[in-house]
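Visitor: Hi, could you walk me through this one?
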Amino acid sequence: MSSPTLSTEREKFVRISIHSHIKGLGLKDGRALPKGGGLVGQVKAREAAGIVVKLIKEGKMAGRGVLLAGPPGTGKTALAIAIAKELGEDTPFVALSGSEIYSAEVKKTEVLMQALRKAIGVRIHEFRKIYEGMVTKMEIRFGKHPYNPYQQIPIGATITLKTKVEERTFQVDEGITAELLAKGVNEGDVIWIDSETGKVTKVGKSEESPSKYDISSVKVVPIPSGSIIKEREFIYTVSLHDLDLMNARSGSLLSLLFGGGEEREIPPEVRKRVDETVREWVDNGKAEILPGVLFIDDVHMLDIEAYSFLSRAMESDLAPIIILASNRGFTRIRGTDIISPHGIPLDLLDRLLIIETKPYTKDEIKEILKIRAEEEGVELEEGALELLTTIGSERSLRYATQLLAPAKVIAQGRGSKVVTKEDVEKVKGLFTDVRESARYLKEYEESFLK
Ligand SMILES: Nc1ncnc2c1ncn2[C@@H]1O[C@H](COP(=O)(O)OP(=O)(O)O)[C@@H](O)[C@H]1O
Ligand SMILES: [Mg+2]
């Protein structure tokens, strides 16, 4: 039961990998521990986020959202991820920047719709009939290719499976034979075959396998117990968007020919069909809905149309938790002449619980850098940590954390495992932060105009 892989998975991975140290809000009885769940300080915001988690779990956040407001590098994204983690490991977390909704190929409301639907998980329970056992004998039969008599192709196989209680031989068709070959199944492997699709899954090498290596990358597993033919429950989580894509693809031949993967619009009928099917599954106990978190960063980049779309989406019963983040004060609502707090329309602001994040103290920055260094496997000399802390408080926390990996490369170049103050100074000279690079380009432009 493979869950579909999406091209966005990688993107998401890159974007949240700088937050990989965050495991939760680090609360105990509603109070923030000085250090917990990978988080340091930001006590009030973490406790407020804890209340949000409670409201979500009690189903009292419907139709409402959260706004994280604070300067850059104060942990807004980190907090949003922590909230998702508190909701459970399986909870979908989708991050989007306000500017990402403007694409040449897809309407902005479609981008938002896809993001909303990626943030709703459907946990499907399915009983499937499978054939499971250790392969004791396997004989593949080859025959002539129907169109090319010089080519031999597998046309079937005889396979003997064994469990602790029985051993049986099966004739399998060419589809399953091709699967057996593709998965590299050998005698001694424990496998299972899905009775309906013929998909073969290799579980590992059996403990009783005749060929054994001292060192092997293949997992060694016991011989399955029970009978060979059995019903097994499979649980897998997909998003509504995954289901939309699957349904849109199998829709017609034309959709296969002209469908361009992610970057396209999904017809409303497909979404309606998916919603109906999912509701049916839920009613029959076949599936559960897992509302996740849709995090929209730089929310002031959204325009009035996008805001009204979001407001409407928040009222739907199939809606994720929407967390917005802003580092702007009063600014113009895009697409209007109205000045509003964070550039967000008032009617939407009314539905938001606002959590402020404050700049960190030097000690907190030091603690965060220590956690990040450990997470990235970077060993820091005290002087290096001190300098990074100064950089973190004078420039930005993000800039300081970004210097960790290149500093390690410099240290390794010297043949050392430990990063020194000099290594940090060197990378600081090599990589500038955003503010500086922008200032440099501005000066450069001005010198041209003279
Ligand atoms: N309180 C905290 N504890 C631990 N790490 C933090 C904390 N706040 C921020 N970070 C980390 O510092 C970096 C910058 O924070 P980030 O969440 O991106 O800030 P923002 O979204 O407000 O710009 C990230 O790597 C983040 O995980
Ligand atoms: Mg952020």
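Guide: With that, the shell around ligand 1 divides into 9 nonpolar, 11 polar and 2 charged residues. This is a predicted model, where local features need pLDDT of at least 70, side-chain atom pairs count only at pLDDT 80 or more, and totals for chains, interfaces and linings use all residues. Residues are numbered from 1 along each chain as its sequence is written, while chains are lettered from A and ligands numbered from 1 in the order in which they are written.

Visitor: How many residues surround ligand 1, and which are the closest?
Guide: There are 22, and the closest are His19, Gly75, Lys76, Thr77 and Ala78. To be near, a residue needs its C-beta atom, placed from the backbone, within 6 Å of the ligand.

Visitor: Which domains does that shell draw on?
Guide: At least three residues come from each of domain 1 (8–119 + 292–356) and domain 3 (362–437). Those bounds come from an automatic or database domain assignment.

Visitor: New topic: what does Ala80 touch?
Guide: Leaving out residues up to four places away in sequence, Ala80 touches Leu68, Val293, Phe295, Ile323 and Ala325. Contact here is C-beta atoms, placed from the backbone, within 7 Å.

Visitor: And how do helices α12 and α15 cross?
Guide: The axes of α12 (residues 382–394) and α15 (residues 421–430) come within 7 Å and cross at roughly 35 degrees. Axes are lines fitted to C-alpha atoms, for helices over the stretch in contact, with angles from 0 to 180 degrees between N-to-C directions. Helices are DSSP runs (H or I, at least four residues), numbered from the N terminus.

Visitor: What sort of residues make that contact?
Guide: The contact of α12 with α15 has 5 nonpolar, 1 polar and 4 charged.

Notes: Ala, Val, Leu, Ile, Met, Phe, Trp, Tyr, Cys and Pro count as nonpolar, Asp, Glu, Lys and Arg as charged, and the others, Gly among them, as polar. Two residues are in contact if their C-beta atoms, placed from the backbone, lie within 7 Å. Helices (H or I, at least four residues) and strands (E, at least two) are DSSP runs, numbered from the N terminus.
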